[in-house]
Amino acid sequence: MESGANEIRDPRAQGPQGPRRASRATLVAALGLGIGITATVALSRPSPAAPGRDRPVPSDLSSRTLAPKAAGEAHRPAASDPTRRPRPPIARTRAPTRGARILQAGWGTAPGELGHRRGEGSPEGPMSFIVDGEGSALVLDQVNARIQIFGPDGPVVRPLPRETFEDVAARGDGGVVLLDRLGDGVLLAMDADGRDQGATALAGDGVDDPGAVTGLFQRSDGAWVEVGHRGLVQILDADGRAPETRRKIDGRVVGEGALEAVALAARSGPTSAEIALHPPSGGPATATRELSFDLPIWQITALEGTADGRVVLGVDLVLEDDAPPHDLLEHRETAVIVGADGGELDRIDLETSEAPEESLRRLRVGADGSLYHLAFADDGATLWRYPL
């Protein structure tokens, strides 16, 4: 299978003001491990003069087998996190077609502003966010060691004990769970007033290395983490306690109740990706879909689900110049909506980020069933809402 990526760490290579261009050599020197749901992402588009460069495209993902890393794939020495991977600078972008801007925040430290950090290492911005059942946006502003809640009463700040949190999930009681995989290696629970309710270690059955955790997911039966983009491990039960036995799921869960399914995704070619839906109990895929794009896939950025079983696949699309030094000509961020039967329902052109700040999760399905996308620019961050 052509290697794929549900890239959760999302830094971009910085470029000058105005049209941003970079050579292939610059990109390869900056790239790290692009680990995906099923494998590692290829680093460049194939040349038209070399049609045999890509491996055969599989017919489906029904085996649920995770593809190994491609031999000879380029990597860089790991920095602080081996899953970090730069995003390309931008030359041309496409404006969103139907998104509504619901939040705009400048960079800074005051209430209502969001922190970012540039300098040595990867540029860093808000790592994650959620939109809760009240319609408030909770942004993980870890650079400023806080959560900022943007609601009808204005921004509310909840301090955090440190800056190493990278993902956040909302509980049904108004509290949140926070992921710290590279610092203390724990899940931290906080109540609706921001009080610390205790930490639970990630290391244990199903999690050999907390640094391999790639996402946090809150379900009705507790808090789960994703390990290596490959499957979920339960860390907390519905009462917020560590279970006696950690349950495991091979893939990401989408839908609720009778519509629940396990979704897998992978890049299947330079300009295509596949989604497969499996029963929660395991077994062959009940639906598969291959998706084609008009630009090469740089990386898969999200695999989200709605309560009614629809799947949202986020992709970064990048076009390079065929002639050396292979400048980047176009960059778009797109979301594809797939139904529970595998049929494609919609495509959404998202507001493309123009700044280099890295993030863990910038594309989420909110509690209201809408799609939310956090885009970065040189002057701050904007949260967009797209009805599904």
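The model is predicted. Its largest nonpolar core has 20 residues, and another core, of 15 residues, lies apart from it. The strands described below pair in the antiparallel sense, among them β11 with β12 and β15 with β16.

**Nonpolar cores**
- Within the largest nonpolar core, the residues with the most contacts are Ile275, Leu277, Leu291, Phe293, Val311 and Leu313.
- The elements that contribute two or more residues to this core are β15 (261–269), β16 (272–278), β17 (287–292), β18 (297–305), β19 (311–320) and β20 (328–338).
- Of these, β19 gives the most, with four residues.
- Leaving out residues up to four places away in sequence, Leu291 touches Thr271, Ser272, Ala273, Ile275, Leu313, Val336, Val338, Glu344 and Arg347.
- The core of 15 residues that lies apart includes Leu103, Leu114, Tyr372 and Leu383.

**The sheet β14-β15-β16-β17**
- Four strands form an open sheet in the order β14-β15-β16-β17, and their pairing is antiparallel.
- β14 (252–254) and β17 stand at the edges with a single partner strand each, so one side of each has no neighbour in the sheet.
- From one strand to the next, the twist averages 30°.
- Seven bridges link β15 and β16, which pair in the antiparallel sense.
- Arg267 stands opposite Ala273, a residue of β16.
- As background, strands of a sheet pair through backbone hydrogen bonds, in either a parallel or an antiparallel way.

**Strand β12 and its partners**
- Strand β12 (residues 231–236) is mostly covered, with six of its six residues buried.
- Strand β11 (residues 222–227) pairs with β12 in the antiparallel sense over five bridges.
- Across this pairing, Glu226 stands opposite Leu232 in β12.
- β11 and β12 form a hairpin with three residues between them, and Gly228 in the turn has a positive phi of about 60°.
- β12 is also joined by two bridges to strand β13 (residues 248–249), and these two strands run antiparallel.
- The bridge partner of Val233 is Lys248 in β13.

**His326**
- His326 is found in the loop between β19 and β20.
- Its relative accessibility is 18%; buried means under 20%, so His326 counts as buried.
- A polar atom of the His326 side chain lies 3.1 Å from the backbone oxygen of Asp321.

Technical notes:
Residues numbered from 1 in each chain as written. Predicted model: local features only at pLDDT ≥ 70, side-chain atom pairs only at ≥ 80, totals over all residues. Heavy atoms only, no water. Core = buried A, V, L, I, M, F, W, Y, C linked by side-chain atoms within 4.5 Å. Buried < 20%, exposed > 50% of the residue type's maximum accessible area, 1.4 Å probe, protein only. Contact = heavy atoms within 4.5 Å. Polar contact = N/O pair within 3.5 Å; in protein donor to acceptor, adjacent residues only side chain to side chain. Pairing = 2+ DSSP bridges. Axes fitted to C-alpha atoms, helices over the stretch in contact; angles between N-to-C directions.
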